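Visitor: Could you walk me through this model and tell me what lies behind each label? I'd like to see the value next to the rule every time.

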Amino acid sequence: MTRSCSALGCTARDTGRSRERGISFHQFPVDAAQRREWIRAVNRVDPQSRRAWRPGPGAILCSRHFAEGDFERYGLRRKLRRGAVPSRFLPSVRAGVTDLS
């Protein structure tokens, strides 16, 4: 099963093609404080309970939601810096904007 980015309005899927295009995927942190920061940054509401959305164990965000400075480079690979928090999201899903590049 293909995993999808958890950000509202984001169409990124964790596939070989997206990785070839340079999109990486990152699981929500285990550290409780940093996890809360990511959840707050994603700013989603559970449609049934109307409370803040809680990511499941396989929830991911794609690299398009992080600033370039949030990454460290190791040759051809890159890794999120410790403490990085997603900061790039769609201004308005209703506006029909779907591309973050």
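Visitor: What makes Phe28, Trp38, Trp53, Phe66 and Phe71 a cluster?

Guide: Ring pairs link the five of them. Rings of Phe, Tyr and Trp (its six-membered ring) pair if their centres lie within 6.5 Å, and by this rule there are four aromatic pairs. Keep in mind that this is a predicted model, where local features need pLDDT of at least 70, side-chain atom pairs count only at pLDDT 80 or more, and totals for chains, interfaces and linings use all residues. Residues are numbered from 1 along each chain as its sequence is written, and side-chain values use heavy atoms, with hydrogens and water left out.

Visitor: Why is the pair of Phe28 and Trp38 called edge-to-face?

Guide: Planes under 30 degrees apart count as stacked, over 60 as edge-to-face and the rest as tilted. Here the centres are 5.4 Å apart and the planes at 65°, so edge-to-face it is. Phe28 sits in the loop between E1 and H2 and Trp38 in helix H2, so the pair ties together parts 10 residues apart in sequence. (Helices, H or I with at least four residues, and strands, E with at least two, are DSSP runs numbered from the N terminus.) The rings of Phe66 and Phe71 get the edge-to-face label too, because their centres are 6.1 Å apart and their planes at 75°.

Visitor: How do you know that Phe28 and Trp38 are buried?

Guide: Buried means under 20% relative accessible area, exposed over 50%, partly exposed in between (1.4 Å probe, protein chains only). Phe28 has 6% and Trp38 has 3%, so both count as buried. Phe66 and Phe71 are buried as well.

Visitor: What puts the buried residues of H2 on the same side?

Guide: In H2 (residues 32-42) these are Gln34, Trp38 and Val42. They cover an arc of only 80° around the axis, so they share a side; the arc is that of the directions from the helix axis to the C-beta atoms. An α-helix has 3.6 residues a turn, so residues three or four places apart point the same way. Their cover includes strand E1 (25-27), strand E2 (60-62) and strand E4 (77-80).

Visitor: Which residues touch the most other members of the largest nonpolar core?

Guide: Cys5, Phe28, Leu61 and Cys62, out of 18 residues. Such a core is a set of buried Ala, Val, Leu, Ile, Met, Phe, Trp, Tyr and Cys residues joined through side-chain atoms within 4.5 Å. H2 and E2 are the elements giving two or more residues to this core, and E2 gives the most, with three.

Visitor: What makes Glu68 and Arg78 a salt bridge?

Guide: The rule asks for a side-chain nitrogen of Lys or Arg within 4 Å of a carboxyl oxygen of Asp or Glu. The closest N and O atoms of Glu68 and Arg78 are 3.6 Å apart, and the pair qualifies. Glu68 also bridges to Arg73, at 3.1 Å. The structure holds five salt bridges.

Visitor: How do you know that Arg78 lies over the face of Phe71?

Guide: NZ of Lys or CZ of Arg must be within 6 Å of the ring centre and within 35 degrees of the ring normal. Arg78 lies over the face of Phe71, at 4.0 Å from the ring centre. Likewise, the charged end of Arg44 sits over the ring of Trp53, 4.5 Å from its centre.

Visitor: Why is Asn43 called exposed?

Guide: Its relative accessible area is 61%, so Asn43 counts as exposed. Asn43 follows H2 and has a positive phi, near 55°.

Note on methods. Contact = heavy atoms within 4.5 Å.
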